[in-house]
Amino acid sequence: MAGLSRGSARALLAALLASTLLALLVSPARGRGGRDHGDWDEASRLPPLPPREDAARVARFVTHVSDWGALATISTLEAVRGRPFADVLSLSDGPPGAGSGVPYFYLSPLQLSVSNLQVNETEMDIAKHSLFIRHPEMKTWPSSHNWFFAKLNITNIWVLDYFGGPKIVTPEEYYNVTVQ
């Protein structure tokens, strides 16, 4: 009897997990931060997937459709100076369907990784538009956190999208393709 109930419990658990997994796989657009997140209209939620062999296009695709990413640096904080440090940050490369490929961030000095970054204010209007259209909640974040805009200056790209090691993409190759 105990074996029968254990088997039934496993079958029920498998059915529940399968339906949950299916829901996650079938609705990737809702997985982009929730319903009504940003100004992604139904037609432009997800551009077509690029061919896997086109590493530069894959890199641009990933940058454009990502609302968050992990930024890793070498720490300048005294307690962990010289050690790798990663932080998850909101990002945007531009409005949906019109990404530039340049990852922009809205940061606060209160974030640990910020002390490892350099600020560039020359593209503040572009960064603000790019981020606020994809992350509208940022407009209401508390001003006491001293938010500022920053961009990632890309110097090298490794695309690890499949078995066989990374594909090297130069910044020139990356910026010369567009996401459709």
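Colleague: To begin, what percentage of the 180 residues of the protein chain count as buried?

Modeller: Of the 180 residues in the protein chain, 33% count as buried, where buried means under 20% relative accessible area, exposed means over 50%, and partly exposed lies in between, with a 1.4 Å probe and protein chains only. Please keep in mind that this is a predicted model, in which local features need pLDDT of at least 70 and side-chain atom pairs count only at pLDDT 80 or more, while totals for chains, interfaces and linings use all residues. Residues are numbered from 1 along each chain as its sequence is written, and side-chain values use heavy atoms, with hydrogens and water left out.

Colleague: How many helices and strands does the protein chain have, and in what pattern do they follow along the sequence?

Modeller: The protein chain has four helices and six strands, and they come in the pattern α-α-β-β-β-α-β-β-β-α. These elements are DSSP runs numbered from the N terminus, helices being H or I runs of at least four residues and strands being E runs of at least two.

Colleague: Why is helix H2 described as largely enclosed by the rest of the structure?

Modeller: Helix H2 covers residues 55-65, and nine of its eleven residues are buried, so the helix is largely enclosed by the rest of the structure. Among these buried residues are Ala55, Arg60, Phe61 and His64. The buried residues of H2 pack against helix H3 (124-134), strand S5 (157-159), strand S6 (167-169) and helix H4 (171-175), contact here meaning heavy atoms within 4.5 Å.

Colleague: What makes up the largest nonpolar core?

Modeller: The largest nonpolar core has ten residues in all, namely Ala55, Ala56, Val58, Ala59, Ile154, Ile157, Val159, Val169, Tyr174 and Val177. The elements that give two or more residues to this core are H2 and S5, and the largest share, four residues, comes from H2. The term stands for a set of buried Ala, Val, Leu, Ile, Met, Phe, Trp, Tyr and Cys residues joined through side-chain atoms within 4.5 Å.

Colleague: Why is Arg57 called partly exposed, and what makes its pairing with Asp54 a salt bridge?

Modeller: Arg57 has 24% relative accessibility and therefore counts as partly exposed. Asp54 is also partly exposed, with a relative accessible area of 24%. As for the pairing, the closest N and O atoms of Arg57 and Asp54 are 3.0 Å apart, and a salt bridge asks for a side-chain nitrogen of Lys or Arg within 4 Å of a carboxyl oxygen of Asp or Glu. The structure holds seven salt bridges.

Colleague: Which residue forms a salt bridge with Arg134, and why is Arg134 called buried or exposed?

Modeller: Arg134 forms a salt bridge with Asp67, their closest N and O atoms being 3.2 Å apart. The pair links distant parts of the chain, since Arg134 is in helix H3 and Asp67 is in the loop between H2 and strand S1 (68-74), 67 residues apart. Arg134 counts as buried because its relative accessibility is 0%, and Asp67 counts as buried because its relative accessibility is 3%.

Colleague: What makes Ser92 count as buried, and which residues does it touch?

Modeller: Ser92 counts as buried because its relative accessibility is 0%. Its place is in the loop between strand S2 (84-90) and strand S3 (104-107). Not counting residues up to four places away in sequence, Ser92 touches Val102, Pro103, Tyr104, Ser130, Leu131 and Arg134, and its side chain reaches the backbone oxygen of Ser130 at 2.7 Å.

Colleague: How do you know that both faces of S3 are covered, and with which strand does S3 pair?

Modeller: On one side of S3 Tyr104 and Tyr106 are buried, and on the other Phe105 and Leu107 are buried, which covers both faces. S3 pairs with strand S4 (residues 148-151) in the antiparallel sense over four bridges, whereas the definition of pairing asks DSSP to find at least two. Within this pairing, Tyr104 stands opposite Lys151 in S4.

Methods:
Polar contact = N/O pair within 3.5 Å; in protein donor to acceptor, adjacent residues only side chain to side chain.
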